[in-house]
Amino acid sequence: VEKAPGIELYFQSRCPQVTDLTVYYAEDKHREQTYREMASRVIDSALKKRPVAFAVYGHPTIYAYPPFLVREMAAQLGLKVKILPGISAMDCLFADLAIDPSVNGIQMFEATDILLRRHQLNSSAATLVWQIGSVCTALYSTTVSTPSRFFGFRDYLLSFYPGDHKVYSYFANPHPMLKAEIHEFTVEELPEFAEILHAAVTLYIPPAKIIREFDSDIAEVLADTNHLRANTRRHKVASGST
Ligand SMILES: C[S@@+](CC[C@H](N)C(=O)[O-])C[C@H]1O[C@@H](n2cnc3c(N)ncnc32)[C@H](O)[C@@H]1O
């Protein structure tokens, strides 16, 4: 796990004591074991002296298990937990690739989970694939993947997309002044990019076919004031009031 440059100094300037939990990661160790150890350490610290803050990269409830473990353990011990939002890799990806997920809709899956549960991909919507670089392992590893790792994943994508469909690997640089690493290649070529598909990369798959046929009943009423009036009350929404 690559720590954001200067992050420890920053935390030290804000907290009386900073504990680096990345020491629990180890090569070939089951990631769930690491996450349990991290969560236990957070709870131990809270039992000794409160309050404590558990800082994770990105958003704490997006593809992140330790915050949920902390929450569960804390509930059993009667400790209070407040989860605050963070900027996810997904937010950075939307900005760097200039994507508005509202345009065609978006679906997202974890790479291994796609294969494990044979998720049906909707090729009319955009797709985010998390943890592509860790596909088919629950173990922590910093080693470089070989093309064979991605053969099964590529073949599965080929059941939804044409081989020449363009996809993008995305890595937001943890340093705010450095550029994101973006590579464009086709579904067919995915295994050839094994070396750059490391554990912190997200795969973006644009839609392959855009839906252009509209439901005529819905399309007709979109700019129809009578339809709007018939389905609303006269007064305005008072935001913030009950
Ligand atoms: C355990 S999840 C953590 C996600 C994190 N909670 C977030 O909101 O960004 C790890 C996965 O997040 C994505 N990820 C993490 N850091 C990233 C980065 N710097 N750029 C692109 N994707 C990243 C990758 O898909 C990676 O495999």
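**Ground rules.** I am working with a predicted model, where local features need pLDDT of at least 70, side-chain atom pairs count only at pLDDT 80 or more, and totals for chains, interfaces and linings use all residues. I number residues from 1 along each chain as its sequence is written, and my side-chain values use heavy atoms, with hydrogens and water left out.

**The chain.** I began with secondary structure and found eight helices and five strands. Helices here are DSSP runs of H or I with at least four residues, strands are E runs of at least two, and both are numbered from the N terminus. Along the sequence I read the order α-α-α-α-β-α-β-α-β-β-β-α-α. The radius of gyration is 22 Å, well over the 18 Å that the globule rule gives for 242 residues, so the chain is more spread out than a compact globule. That radius is taken over C-alpha atoms, and the rule is 2.2 Å times the number of residues to the power 0.38. I also noted that the C-alpha trace spans about 65 × 55 × 35 Å along its principal axes.

**Burial.** How much of the chain counts as buried? I got 32% of the 242 residues, where buried means under 20% relative accessible area, exposed over 50%, and partly exposed in between (1.4 Å probe, protein chains only).

**The ligand.** Which residues come nearest to the ligand? Of the 16 around it, they are Ile62, Ala89, Ala172, Ala199 and Thr202; a residue is near if one of its heavy atoms lies within 4 Å. By class, I listed eleven nonpolar, five polar and no charged residues in this shell. Then I looked at individual atoms. At Ala199, a polar backbone atom is 2.7 Å from a ligand oxygen atom. Taken alone the ligand exposes 560 Å², and the protein buries 92% of that (Shrake-Rupley method, 1.4 Å probe).

**A loop residue.** Last, I went to Ser148, in the loop between strand E2 (126-130) and helix H6 (151-158). Why does Ser148 count as partly exposed? Its relative accessibility is 46%. I also checked Glu192, 44 residues apart from Ser148 along the chain, and their C-alpha atoms are separated by 9.1 Å.

Conventions
A polar contact is a pair of N or O atoms within 3.5 Å; within protein, one must be able to donate a hydrogen and the other to accept it, and residues adjacent in sequence count only if both atoms are side-chain atoms. Ala, Val, Leu, Ile, Met, Phe, Trp, Tyr, Cys and Pro count as nonpolar, Asp, Glu, Lys and Arg as charged, and the others, Gly among them, as polar.
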